[in-house]
Amino acid sequence: MARNSRLRLVRPRALATARRAVTTRRTRPAPRPPEGTPPRAELARQARHVLADAVRIARWAAVERGPESALRTGPEAVPAQERAAAALDLTPGQIRAGWDRARLAGLVELHGDTARPGWRLHAWDRDDSAVLRGWVALFDAWSLVHPAPEGVAPSAVAEVVEAVPQVLSLLQLSQGPVLVPVLLDLLGQRVEELREERCEVPVAEQSADPASATADPASTAPEASPGTDGLPALLDWALEGLAAVGALTLDPGADAGHATLTPLGNWAVWVKLEQICVAAQSPAGNIEQSAEDMLRGCARLTPGPARAEYRAWLAARTLSSAVAELLAVARGEDALLRGLAFEALRVVGAPAEAEVRATVAEPSLRPYALLWLAEYEGADPDDAQEVLTREEATWLWVDTAAAVADHGESELLVRHLESAVQGTVPALLDEVRAVGHPRTVQVLVALAAAHPDPALSKAVRRAAFQVHTGGA
């Protein structure tokens, strides 16, 4: 984190603008997937198969809904794991692995010591887009699913994680099996390129310099990267981790083995290369729909047409029931719908004041309610965020980032950095880890996967790992 100059954020932008970024999307035709890619329904079926145990465990935990249902690791979680294993006919190890996947895929969210079903779990059986997004979230977090080999320097692990997209690109372009030695050669080349980009000084060069022996330790060059002797083991770890999430298959074979992308993995790499995310289609007949379906239908509209839809929907209902329905949606797990629900409540205006004011006591709705009240009382939307404390603003930043990660393009997630109130990425990461938002890990993993700056991506990925392992 010493290279702070490369991790500085651009001038902060109003949080109100960041909220609108979720709904002001570009309307370009989606590129076609490569020839031979299975239909979305088949890809979703494969994703459901990969996450089948995670879904079963998440649904079991949703029914339990108690402190023990969090299934966290450690002695205190053993009774819950044993009960889950007995109920689901799985081993405790399978329970721990499935619970970990459920969290990373957004199937469950932890609120304190209580586990709650994520919005993807609710939509799992009926929404192929939710399924595919959940699997992509797991794909992005492959390095958290499969523990790195013991005794390997963390910097070497980080280099391999950073170089893996190059390996995946080769697999995708090859459209078939690739020998592991070929992948190892590419991995080594990419790691060397990363080290050259950082202009690191080899250990031998440092020791050969007589001045280095007497130099002030604080003024010496950055610590040299580890050698490449451990790359074969790290490549095996990466391939096994990607295989564990269903992105590729491994065949030991007679010639050092080979790896092949699965249809899911091939599609995911193509999605990453094209920098697109597939969003659910807007349903027709928004006025006749429930509040949740109406908001989903308005998600792709620009603010003006969306407000017209809100007014028409509100006109067909009593205001009291409409406000109650919108707030019920806002209390759900989908961050995009939470923001849109409060946009619809802005159209309601004064009749919603009492109900909105009552939600200030609810942590997940408090930032939205405070902004709504500030704007209702005459504050400019671009200045309203000043009513939020630093912690509330950070919580809202994470919640908005979750909405962008779930429903927006990768570029929007990168641009969302501009709206953070912190001046640097290290400060942002410190406060994001402390704020305790249930989607913190998924947001950081998605941001690390989307950001083009390797140094920033590595810092964000490290923060995600620390939150995931409880090291925050």
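Residues are classed as buried under 20% relative accessible area, as exposed over 50% and as partly exposed in between, with a 1.4 Å probe and protein chains only. By this scale Pro351 is partly exposed, because its relative accessible area is 45%. The model is a predicted one, in which local features need pLDDT of at least 70 and side-chain atom pairs count only at pLDDT 80 or more, while totals for chains, interfaces and linings use all residues. Residues are numbered from 1 along each chain as its sequence is written, and side-chain values use heavy atoms, with hydrogens and water left out.

The chain comprises 472 residues, of which 50% count as buried. Contacts are defined by heavy atoms within 4.5 Å. Among contacts between residues at least 6 apart in sequence, 70% join residues at least 24 apart. The largest nonpolar core contains 137 residues, and those with the most contacts inside it are Leu295, Phe342, Leu345 and Trp397. Such a core is a set of buried Ala, Val, Leu, Ile, Met, Phe, Trp, Tyr and Cys residues joined through side-chain atoms within 4.5 Å.

Two packed helices are described by the angle between their axes and the distance between the axes. Helix α17 (residues 335-348) packs with helix α20 (residues 390-407) at an angle of about 115°, and their axes are 7 Å apart. The axes are lines fitted to C-alpha atoms, for helices over the stretch in contact, and angles run from 0 to 180 degrees between N-to-C directions. Helices α17 and α20 are therefore roughly perpendicular to each other, a class that covers 65 to 115 degrees, with angles under 35 degrees counted as roughly parallel, over 145 as roughly antiparallel and the rest as oblique. From α17, Ala335, Leu336 and Arg338 meet Trp395, Asp399, Ala402, Ala403 and His407 of α20. By class, this contact of α17 with α20 has five nonpolar, one polar and two charged residues, where Ala, Val, Leu, Ile, Met, Phe, Trp, Tyr, Cys and Pro count as nonpolar, Asp, Glu, Lys and Arg as charged, and the others, Gly among them, as polar. Pro351 is placed in the loop between α17 and α18 (353-358), and its C-alpha atom is separated by 8.0 Å from that of Ser320, 31 residues apart along the chain.

His437 is located in the loop between α22 (425-435) and α23 (440-450) and counts as buried, because its relative accessibility is 6%. Beyond its neighbours within four places in sequence, His437 is in contact with Trp395, Val398 and Asp399. The side chains of His437 and Asp399 are joined by a polar contact of 2.8 Å. A polar contact is a pair of N or O atoms within 3.5 Å; within protein, one must be able to donate a hydrogen and the other to accept it, and residues adjacent in sequence count only if both atoms are side-chain atoms. His437 and Trp397 are 40 residues apart in sequence, with a C-alpha to C-alpha separation of 9.9 Å. With neighbours within four places left aside, the contacts of Trp397 are His416, Leu417, Ser419, Ala420, Leu428, Val432, Val443 and Leu447.

Ala446, in helix α23, is buried, with a relative accessible area of 16%.

Arg48 belongs to helix α2 (residues 40-50), and its side chain makes a polar contact of 3.1 Å with the side chain of Asp128. Apart from residues up to four places away in sequence, Arg48 touches Trp124, Asp125, Arg126, Asp127, Asp128 and Val131. Gln175 lies in the loop between α9 (154-174) and β3 (178-179) and is exposed, with a relative accessible area of 70%. Although not a glycine, Gln175 has a positive phi of about 55°.

Definitions and conventions:
Helix = DSSP H or I, 4+ residues; strand = E, 2+ residues; numbered from the N terminus.
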